[in-house]
Amino acid sequence: MQTAPAQQKPIAPVDLAAERAELGVALEDAVLRVLRSGTYILGPEVEKLEKDFAAYCNVPHGIAVATGTDALILGLLAVGVKRGDSVVTSPFTFFASASCIAWIGATPKLADVDPDTALLDPKKAEAAIDGKTSCILPVHLYGQLADMRAIRALADKRGLKILEDGAQCHGAKRDGVSCGELGDAGTYSFYPTKNLGACGEGGLIVTKNADIATRAKRLRDHGSPQKYVHAELGTNSRLQAFQGAVLNVKFPHLERWNVRRRELAARYDRNFAGSKTVLPLKLAANSVHVYHQYTVRIRANRSRDEVLKLLGEQKIFCGVHYPTPVHLQPVAKGWGYGPGDFPISEALSREVLCLPVHPFLTDAEIDRVSESLLALAGA
Ligand SMILES: Cc1ncc(COP(=O)(O)O)c(C=O)c1O
């Protein structure tokens with residue numbers, strides 16, 4: 001007999017308790033090891049993470065910083081973006097992708113996304129380039145890479161740098177490459193809910209380029225190439241050893257967790273096949289998606305927000321990433337955009353619903369989410 005909905009277990013977008021339970025004492029041992037070591041900032045745990053994660057991305061250099069936001073800010077500076085430049089990015093992303101550009105005194109130039117994948121459209125990116133553009137910042141949203149071959153070709157043609165925002169794409173590939181391989185540098189976030197998350201904040205810059213790596217290392221340490229010598233203005237953004245140790249425990253599990261995310265996503269795809277009201281975003285050709293989010297567009301008689309609320313009443317908790325595009329944020333008023341400028345991003349903001357897809361869900365839970373959603377959205 002089926003359990004009554006009110007008694008059913010909640011289904012949430014993440015389950016950090018299940019992750020901790022799976023890792024068992026290894027996680028606690030790592031934290032205790034750091035506590036007893038007395039090395040709390042950078043040090044061997046962070047160096048191991050930098051080396052291993054860079055190798056995983058197939059590049060020689062990894063520079064660990066305090067947050068994914070700092071990875072973007074310092075990454076932009078390290079690839080050579082200066083105050084007064086402009087940088088092309090997507091309006092449909094977490095605000096940090098664009099705000100980091102403005103934070104360093106450059107101007108975000110926005111270009112709309114592809115409606116099937118919600119990723120930066122290279123043709124629109126080209127149209128957004130102006131005389132001050134020095135860099136393109138593609139966002140690998142939801143766990144799949146933007147079309148980096150096209151974006152690299154565009155950057156080469158126009159003499160631009162590329163900084164990839166890989167905050168959501170640990171382990172993803174497209175055309176056989178990872179975030180950071182085709183760009184001049186790539187950035188990752190280790191916010192706790194990411195596919196690879198710390199027990200606190202963390203970020204990483206990866207690059208093939210030794211000069212960019214040296215500069216990023218200096219920038220995270222007050223622009224200091226050696227103690228008490230400050231060659232340029234930087235900040236303090238050194239990753240804590242506790243976070244390095246935690247990430248070193250979790251990292252060996254990332255591939256397996258990503259495989260499970262893909263299995264769950266394939267199950268959702270099958271469940272929604274043929275639906276006219278629940279439309280999953282598409283997998284790009286030659287793409288290995290890591291489903292940081294499994295995202296559908298809701299085109300039903302009910303609004304997405306109503307569907308979200310009704311699912312919540314059944315203890316199925318979904319996310320909306322993101323309800324407001326970058327250009328319609330209050331603080332972006334001075335950037336020169338307004339409603340209607342990026343119609344695809346604006347429609348996505350009204351329609352997207354991100355369904356639970358973390359690796360500790362069961363097939364039955366995916367089916368429960370699918371059935372409830374299809375019942376609410378209608379045929
Ligand atoms: C696309 C994107 N860029 C940047 C960031 C910023 O990372 P952090 O929260 O680690 O500063 C995030 C984090 O959620 C993100 O999703």
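Q: What makes a crossing of two helices left-handed or right-handed?
A: A crossing is left-handed if the near helix is turned anticlockwise from the far one by less than a right angle, and right-handed if clockwise. In this predicted model, local features need pLDDT of at least 70 and side-chain atom pairs count only at 80 or more, while totals for chains, interfaces and linings use all residues. Residues are numbered from 1 along each chain as its sequence is written. Here α2 passes α9 in a right-handed crossing.

Q: Why is α2 called roughly antiparallel to α9?
A: The axes (lines fitted to C-alpha atoms over the stretch in contact, with angles from 0 to 180 degrees between N-to-C directions) of α2, residues 25-37, and α9, residues 241-250, cross at roughly 150° and come within 9 Å. Angles over 145 degrees count as roughly antiparallel, and therefore α2 and α9 receive that name.

Q: Which residues make the contact of α2 with α9?
A: With C-beta atoms, placed from the backbone, within 7 Å taken as contact, A26, L27, A30, V31, R33 and V34 of α2 meet A241, F242, A245, V246, N248 and V249 of α9.

Q: What makes α4 and α8 oblique to each other?
A: The axes of α4, residues 68-79, and α8, residues 210-219, come within 9 Å and cross at roughly 135°. Angles under 35 degrees count as roughly parallel, over 145 as roughly antiparallel and 65 to 115 as roughly perpendicular, with the rest oblique, so α4 and α8 are oblique.

Q: Where do α4 and α8 meet?
A: L74, G75, L77, A78 and V79 in α4 meet I212, R215, A216 and L219 in α8, and α4 passes α8 in a right-handed crossing.

How values were computed. Helices (H or I, at least four residues) and strands (E, at least two) are DSSP runs, numbered from the N terminus. Two residues are in contact if their C-beta atoms, placed from the backbone, lie within 7 Å.
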